[in-house]
Amino acid sequence: MILTCLVIIFAGAIFGFSLARLPYLNVSGSAKSSFASSVAPGEWYWYSKGIYRIGITIHLTTILPVGLLMGWQFIPAIRHKFLLFHRINGYLISALVVISNVGALMAARRAFGGSLSTQAGSGVLAILSTVSIALACYNIKQLQIDQHRAWMLRAMFYLGTIITMRIIMILAALIISKTSFYNTTMTCGELLTILDTSEKVNASYPLCGEPGATIHTLAIVQANFGAQPEQLASALRVTFGMALWMALFLHAVGVEVYLGLTPGENNRLRQISYKKQLERGLSPAGSAGLTSDRWGDAEPWQPRKEAAEK
């Protein structure tokens with residue numbers, strides 16, 4: 001019961017986060033709640049044009065609905081009484097996640113500076129969530145309900161990384177701001193977007209005012225979360241990649257711990273899978289999907305006596 005409540009709380013956190021971000025669907029609007037107005041300083045410089053604009057638009061318009069829809073999949077009453085909704089909602093979520101991952105990968109090159117660690121983390125997260133959903137879909141086609149549950153839980157936990165990552169990123173940014181050892185680079189074009197006028201840019205970053213300097217000239221910006229807007233952006237850029245990897249690790253471990261603590265539910269669903277596969281004529285019944293006894297070296301699974309007799 002406690003573990004079930006934890007999943008509901010986790011799903012609720014994703015729902016609340018997505019609900020709060022719904023104004024981001026107004027990607028380029030002038031409203032204070034729009035994505036363009038709310039994104040970290042300097043980020044809109046890249047997201048306002050080209051492939052990055054397309055990528056971030058695709059990502060936001062698909063992943064936010066996923067956050068609102070995903071939690072309903074794990075409510076037992078809905079799964080039992082509204083099975084058609086559960087199925088349609090599941091396929092819709094699966095399609096939206098895949099599309100959102102494409103958009104995220106398109107925009108990753110400029111996400112909080114787009115360092116290699118950020119791009120790699122975004123790619124790994126996209127692969128993990130896409131593969132998990134693909135395996136969940138395969139297992140449900142094979143009526144392997146226990147494995148379907150496991151892989152959908154993994155997908156949800158992986159996607160929830162984005163929330164934990166933000167908490168870690170902000171805390172880390174506050175910590176590193178206590179020192180003067182961290183900095184990053186920004187183009188003069190980004191700095192102009194943040195500071196509004198070339199006079200302010202040249203005063204703080206003389207390199208941008210030198211002869212021959214262009215909007216692509218790089219200037220060093222100190223990371224300081226509580227100082228000027230560009231320094232706040234620098235602090236977030238320094239910590240983003242680290243926060244992404246740390247959050248992904250925590251969620252990847254966390255979901256496996258949860259699955260390891262719920263063998264009873266796994267066994268119950270496998271018994272149901274056995275009955276449904278037997279009725280459908282799938283073989284071997286109970287292991288028609290991606291199970292360790294069929295594809296690995298685990299001992300052959302045996303149904304409970306009462307289930308086998310039925």
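1. Buried means under 20% relative accessible area, exposed means over 50%, and partly exposed lies in between, with a 1.4 Å probe and protein chains only. Glutamine 144 is buried, because its relative accessible area is 0%. Glutamine 144 sits in the loop between helix 7 and helix 8 (145–159). Its side chain reaches the backbone oxygen of glycine 286 at 3.1 Å.

2. A word on the source. This is a predicted model, where local features need pLDDT of at least 70, side-chain atom pairs count only at pLDDT 80 or more, and totals for chains, interfaces and linings use all residues. Residues are numbered from 1 along each chain as its sequence is written, and side-chain values use heavy atoms, without hydrogens and water.

3. Now the overall picture. The protein has 15 helices and 2 strands (DSSP runs: H or I of at least four residues for helices, E of at least two for strands, numbered from the N terminus). The C-alpha trace spans about 85 × 35 × 30 Å along its principal axes. Of the 310 residues, 45% are buried.

4. Lysine 141 belongs to helix 7 (residues 116–141). Lysine 141 counts as exposed because its relative accessibility is 56%. Together with Arg87, Lys276 and Arg280, Lys141 forms a positive surface patch (patch residues have over 30% relative accessible area and no salt bridge; like charges are joined within 9 Å, nonpolar side chains within 5 Å).

5. There is a nonpolar surface patch too. Its members are Met242, Met246, Phe249, Leu250, Val253, Val257 and Leu261, with about 640 Å² of accessible area together. Methionine 242 lies in helix 12 (residues 229–260). Methionine 242 is partly exposed, because its relative accessible area is 35%.

Key:
Areas by Shrake-Rupley, 256 points an atom, 1.4 Å probe, with all protein chains shown as cover. Salt bridge = Lys/Arg side-chain N within 4 Å of Asp/Glu carboxyl O. Lys, Arg positive; Asp, Glu negative; His and termini not counted. Charge placed at Lys NZ, Arg CZ, Asp CG, Glu CD. Polar contact = N/O pair within 3.5 Å; in protein donor to acceptor, adjacent residues only side chain to side chain.
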